[in-house]
Amino acid sequence: MKIVRIDAEADDITYGAVEPDGIRLFHGSPFFQWERSETVLPITQVKLLAPVIPIACGLISPALRRVAGRGTGWLLAAVPLGLLCPELKALPYEIGEHHFARVPWVPGLGVDVAFHLDGLSAAFFLLICGIGALILIYSEGYLAGNPRLGRVQGALLVFLGSMLGLVLSTSIL
């Protein structure tokens, strides 16, 4: 069993045992009695890209509105609903269950892009995607004659992606 040091804080040191299905966390010293343990599972690729997908769709939304015309709000609502469905399938989360992903961003400085998903962040993930889909559908009828509707829907998707990034991020920096 390989034991790795996960995080070091002032008075709590966390170690983890690398297993094939994830990392099992241990709080305390690896040489004395473990205080508690929980399982950390690797995050799926869809959840890793969850903040990026709405932002990318938001950037192409004005062009999509010009090409597709009416009903683009329903089409764009498929983006948050597509992120929502796998998360609903993964519910309920067990107490202490965490999903994580870490990708090196600037390795020379030790800066990583890291996402963390637990029960609370999953609840906000569902809330953001569900309400975001409803707002995109509603905007289609409410702003029906507005020539800038594609831009508004794009801004809504970019905002949705940034909110997902904020909820899933382990650090705002």
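This is a predicted model: local features need pLDDT of at least 70, side-chain atom pairs count only at pLDDT 80 or more; totals for chains, interfaces and linings use all residues.
Biologist: How many helices and strands are in the protein chain, and in what order do the elements run?

Modeller: The protein chain has five helices and six strands. Helices (H or I, at least four residues) and strands (E, at least two) are DSSP runs, numbered from the N terminus. From that terminus the order is β-β-β-β-α-α-α-β-β-α-α.

Biologist: What makes H2 and H5 roughly antiparallel?

Modeller: The axes of helix H2 (residues 52-68) and helix H5 (residues 149-168) cross at roughly 175 degrees and come within 7 Å. Axes are lines fitted to C-alpha atoms, for helices over the stretch in contact, and angles run from 0 to 180 degrees between N-to-C directions. Angles under 35 degrees count as roughly parallel, over 145 as roughly antiparallel, 65 to 115 as roughly perpendicular and the rest as oblique. The angle of roughly 175 degrees therefore makes H2 and H5 roughly antiparallel.

Biologist: Which residues of H2 and H5 meet, and how do they divide by class?

Modeller: Contact means heavy atoms within 4.5 Å. Among the residues that meet are Pro54, Ile55 and Arg65 in H2, and Leu149, Arg151 and Leu164 in H5. The contact of H2 with H5 has nine nonpolar, seven polar and two charged residues. Here Ala, Val, Leu, Ile, Met, Phe, Trp, Tyr, Cys and Pro count as nonpolar, Asp, Glu, Lys and Arg as charged, and the others, Gly among them, as polar.

Biologist: Why is H3 called roughly parallel to H5?

Modeller: The axes of H3 and H5 come within 11 Å and cross at roughly 5 degrees, so H3 is roughly parallel to H5. Thr72, Gly73, Leu76, Val79, Pro80 and Leu83 in H3 meet Gln153, Leu157, Leu160 and Leu164 in H5. This contact of H3 with H5 has seven nonpolar, three polar and no charged residues.

Biologist: How do you know whether H4 and H5 are roughly parallel or roughly antiparallel?

Modeller: H4 and H5 pack at an angle of about 175 degrees, with axes 10 Å apart; H4 and H5 are therefore roughly antiparallel. The contact includes Phe124, Phe125 and Ile128 of H4, and Leu156, Met163 and Val167 of H5. Its residues divide into 14 nonpolar, four polar and one charged.

Biologist: Why is serine 139 called buried?

Modeller: Buried means under 20% relative accessible area, exposed over 50%, and partly exposed in between (1.4 Å probe, protein chains only). Serine 139 lies in helix H4 and has 6% relative accessibility, so serine 139 counts as buried. Not counting residues up to four places away in sequence, serine 139 touches Ala144, Leu149, Gln153 and Leu156.

Biologist: What makes glycine 119 partly exposed?

Modeller: Glycine 119, found in helix H4, has 38% relative accessibility and therefore counts as partly exposed.

Biologist: What makes the aromatic pair stacked?

Modeller: The structure holds one aromatic pair. The rings of tyrosine 138 and tyrosine 142 have centres 5.6 Å apart and planes at 20 degrees, so the pair is stacked. Rings of Phe, Tyr and Trp (its six-membered ring) pair if their centres lie within 6.5 Å; planes under 30 degrees apart count as stacked, over 60 as edge-to-face and the rest as tilted. The two tyrosines are four residues apart in helix H4 (residues 119-142), separated by about one helical turn.

Biologist: How do you know whether these tyrosines are buried or exposed?

Modeller: Tyrosine 138 has 56% relative accessibility and so counts as exposed; tyrosine 142, at 61%, also counts as exposed.

Definitions and conventions
Residues are numbered from 1 along each chain as its sequence is written. Side-chain values use heavy atoms; hydrogens and water are left out.
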